[in-house]
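Hello,

Here is the structure for your files. My notes on it follow below.

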Amino acid sequence: MHTEYDPGAVEAAAQQYWNANGSFRAVEDPSGEKFYCLSMFPYPSGRLHMGHVRNYTIGDVIARYQRMLGKNVLQPIGWDAFGLPAENAAIKHGIPPSQWTRSNIETMKGQLKRLGFGYDWSRELATCDPDYYRWEQWLFTRLMQKGLAYRAKATVNWDPVDQTVLANEQVIDGRGWRSGALVEKRDIEQWSVRITDYAQELLDAIDTLHGWPEQVRTMQRNWIGRSEGVYMEFGIAGSDQALGIYTTRPDTVMGVTYVAVAAEHPLASARAEQDADLAAFVEECRQGGTTEAELETMEKKGHRLGLDAIHPITGESVPIFVANFVLMGYGTGAVMAVPAHDQRDWEFAERYGIPRKQVIVSADGSDCGIADCAYVERGMLTDSGPFDGLTSEQAFDAIADWLAERGKGEKRVNFRLRDWGVSRQRYWGCPIPVVHGADGEVRPATDLPVRLPEDVVVDGSGSPLKKMPAFSELPDGGQRETDTFDTFFESSWYYARYCSADCDGVMLDERADYWLPVDQYVGGVEHAVLHLLYARFFHKLMRDEGLVDCDEPFANLLTQGMVIAETWYRENADGSRTWYNPADVEVNRDDKGKLLGGVLRADGEPVSFGGVEKMSKSKNNGVDPEALIERYGADTVRLYTMFTAPPEQSLEWSDDGVEGAARFLRRLWSLAAGNAEAVQAAEAGGADTDERAKDARREVHAALKKALFDFDRQQFNTVVSACMTMVNTLQKLDATKPAQAGVLREGLGILLRLLAPIAPHVTHLLWRELGFGDDILDAGWPEVDDGALVQDSVQYVVQVNGKVRAKVSVSTDADKSAIEAAALADENVRRFIDGVEVRKVIVVPGKLVNVVAK
């Protein structure tokens with residue numbers, strides 16, 4: 001056994017063994033307990049970053065841990081391969097997106113393998129492969145037949161840079177989530193899937209997701225947004241038409257002083273044809289916010305429609321405004337406005353001189369004035385005709401019943417969730433399997449898969465599919481749909497395809513029922529209302545098609561924290577900033593570690609500190625994982641990412657911390673290599689006859705007990721701490737003494753198994769070199785010997801007037817007087833109490849004796 005730790009050689013040997021033995025190939029075994037561990041698959045961007053490394057290390061640690069518990073573990077990997085970045089890169093480099101994507105997959109695959117992740121590579125998939133996407137095309141045709149997929153004109157979010165439609169979830173602060181361009185509203189024919197048909201089930205099932213973070217469950221509840229309210233119809237003056245609205249506050253209906261409609265509402269469109277000013281305002285609204293969150297913060301603007309609405313109860317006329325804060329896609333595209341009891345309505349009324357009518361007052365007589373702001377609390381109705389004196393709760397039912405009796409309204413449940421628009425006007429995606437017949441009929445394609453042409457150079461002027469007759473024109477005169485699916489369509493079911501990745505006859509076979517649901521899913525919280533909600537929906541679609549037999553895809557969810565690092569910059573003359581990598585900055589700190597400043601190593605000139613932020617290319621504060629592996633080895637990188645912070649918290653990068661992780665692994669190797677012969681020859685037992693061996697064995701099992709508890713809690717940072725404690729303990733043993741050699745062998749056997757999920761290469765090799773067996777993966781998980789934790793004596797620290805003067809050992813069953821006597825009898829303690837009065841002796845059980853002397 002080499003005395004020096006060579007991580008490159010160790011890791012190559014371990015990976016060669018795993019490959020040769022198919023160590024991570026998963027096979028269905030109904031006789032054993034299965035465990036399906038999955039990390040969200042990567043987009044093949046070209047190279048791994050530290051966020052990838054942390055995410056996949058967490059997943060691999062969990063998978064290896066469950067494997068060592070004796071479970072049948074599946075941990076697959078694949079590639080979320082479609083998407084806009086490939087198109088943009090292809091435009092830049094003048095190559096087909098498929099070529100760029102597949103080249104990146106090979107590069108990143110090599111990086112993942114180098115990190116030693118225990119994946120079943122036989123199940124690898126890429127969503128851009130026809131063998132994969134043919135099955136989502138097939139499912140979409142089934143949804144069309146069921147009426148769950150439909151095509152209709154809709155007001156959509158249009159990204160003018162990426163030239164495609166975005167889902168509401170993909171609009172961040174009014175901008176496209178990838179391009180950053182200001183999003184516009186457009187009316188476009190597009191394909192949608194009726195996720196709203198599953199809204200109540202998706203909401204109810206959140207309560208069954210006990211293994212999910214409450215933050216994510218709350219985000220999904222809020223996104224689905226169930227509300228109970230009243231639908232009612234206002235009349236339109238001079239017309240027999242009705243204007244429907246939905247409200248959750250029917251108790252305020254008697255305070256309505258205007259009605260607002262969306263710019264896309266049919267009433268607005270019709271009037272805009274006759275009113276140029278209104279038409280200009282409607283066009284302005286189309287460039288505005290597209291989500292509720294944006295509308296909350298934007299300036300509220302409106303324009304008189306030139307029509308009045310008729311109040312459904314009083315019969316009074318109130319003006320109708322076109323307003324930029326009303327969305328056509330939510331509710332009916334019209335809202336009743338009550339300035340006295342809604343702050344947004346209050347601000348709008350203030351701006352346009354609209355009256356405010358108070359109809360709710362506080363029940364307890366507290367201040368409820370509306371001069372400075374709206375009174376938004378529930379209370380008692382006033383100035384509300386037949387409903388005066390009712391509480392808001394009573395008025396809800398009374399007003400709903402009044403309207404229902406007269407055919408003017410009814411109680412309704414509403415959802416904030418909208419149907420999922422899945423059409424994208426991009427090339428690099430899965431073709432939507434639809435044919436537009438020459439007779440005008442729209443029908444599902446039957447020649448599946450509808451293959452995406454791959455030898456295509458993209459020039460950025462819209463989708464090339466629209467310019468490819470060979471793709472779009474069919475012999476019978478029909479036209480293929482040239483839109484492609486939103487890439488979330490592919491990522492909504494990949495976890496299930498892994499279960500039967502080699503099946504070419506059906507979308508999923510019976511193996512899916514063996515592996516699903518995923519027992520542990522690992523990924524970022526940023527996917528809470530995008531991927532995670534869509535995947536839950538898709539799972540229910542597959543269930544209802546008879547493809548899976550469970551209701552939810554992911555039993556447990558771990559949302560890992562970000563990897564963050566310092567940022568440094570210089571401000572340019574034009575106000576822009578040039579960012580410098582922290583590795584290129586010499587940082588100055590005071591004696592207490594407080595940051596004083598930094599200078600660029602290249603020129604010695606100062607740079608400014610930009611704070612600690614998520615690693616990113618834009619802030620140039622990333623660390624190249626490959627360079628770290630080259631210098632320290634994969635196990636050091638894995639160990640550092642697990643030790644520095646609990647998985648769910650942010651990890652602040654520290655080069656010193658990486659160095660510390662490397663030192664620990666060198667110490668472990670030195671401990672094993674320096675005692676290899678003694679460990680191989682050692683026999684168990686005899687610890688009770690050697691006090692040092694006995695103490696060491698107790699410390700090892702105490703650390704093991706804590707580590708086992710922390711593994712179950714997925715607090716891997718404290719597991720590493722326990723392993724470090726064990727190394728410190730075992731280094732104190734003398735391997736030439738049989739009892740201590742026996743404890744050293746037992747302790748190393750425990751330590752290596754505990755560390756194996758985190759640093760798998762070095763533990764694999766040491767396990768074999770020390771003669772424990774061929775494969776640590778099959779060694780089984782260590783168990784605590786409770787007998788080793790029993791202590792015959794307890795050590796007390798003895799203080800005299802608050803200063804430590806001695807340590808004494810007493811029997812574990814010693815009473816208070818015996819502990820006091822032992823402390824006072826200590827030779828060094830007596831030096832400080834002779835000739836003075838001992839006024840008090842304080843005993844803290846199991847820890848401390850404090851002697852107070854005068």
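Exposure first: buried means under 20% relative accessible area, exposed over 50%, and partly exposed in between, computed with a 1.4 Å probe on protein chains only. This is a predicted model, in which local features need pLDDT of at least 70 and side-chain atom pairs count only at pLDDT 80 or more, while totals for chains, interfaces and linings use all residues. Residues are numbered from 1 along each chain as its sequence is written, and side-chain values use heavy atoms, with hydrogens and water left out.

Positive phi

N801 is partly exposed, at a relative accessible area of 46%. Its phi is positive, about 50 degrees, although N801 is not a glycine. N801 sits in the loop between strand 33 (793-800) and strand 34 (803-811). Helices (H or I, at least four residues) and strands (E, at least two) are DSSP runs, numbered from the N terminus.

N620 also is not a glycine and has a positive phi of about 50 degrees. The loop that holds N620 runs between strand 31 (606-614) and helix 18 (625-632). With 31% relative accessibility, N620 counts as partly exposed.

Cis peptide bonds

L448 and P449 are joined by a cis peptide bond, with omega about 0 degrees. P449 belongs to the loop between strand 22 and helix 13 (469-472). A cis bond is also found from L516 to P517, where omega is near 0 degrees. P517 is placed in the loop between helix 16 (511-515) and strand 25 (520-523).

Two strands pair if DSSP finds at least two bridges between them. Strand 21 (residues 434-436) and strand 22 run antiparallel and are joined by three bridges. Within this pairing, H436 has V442 in strand 22 as its bridge partner.

A buried glutamate

Is E87 buried or exposed? E87 has a relative accessible area of 2%, so it counts as buried. E87 lies in helix 3 (residues 84-93). Leaving out residues up to four places away in sequence, E87 touches P97, R426, Y427, W428 and V458; contact means heavy atoms within 4.5 Å.

Regards
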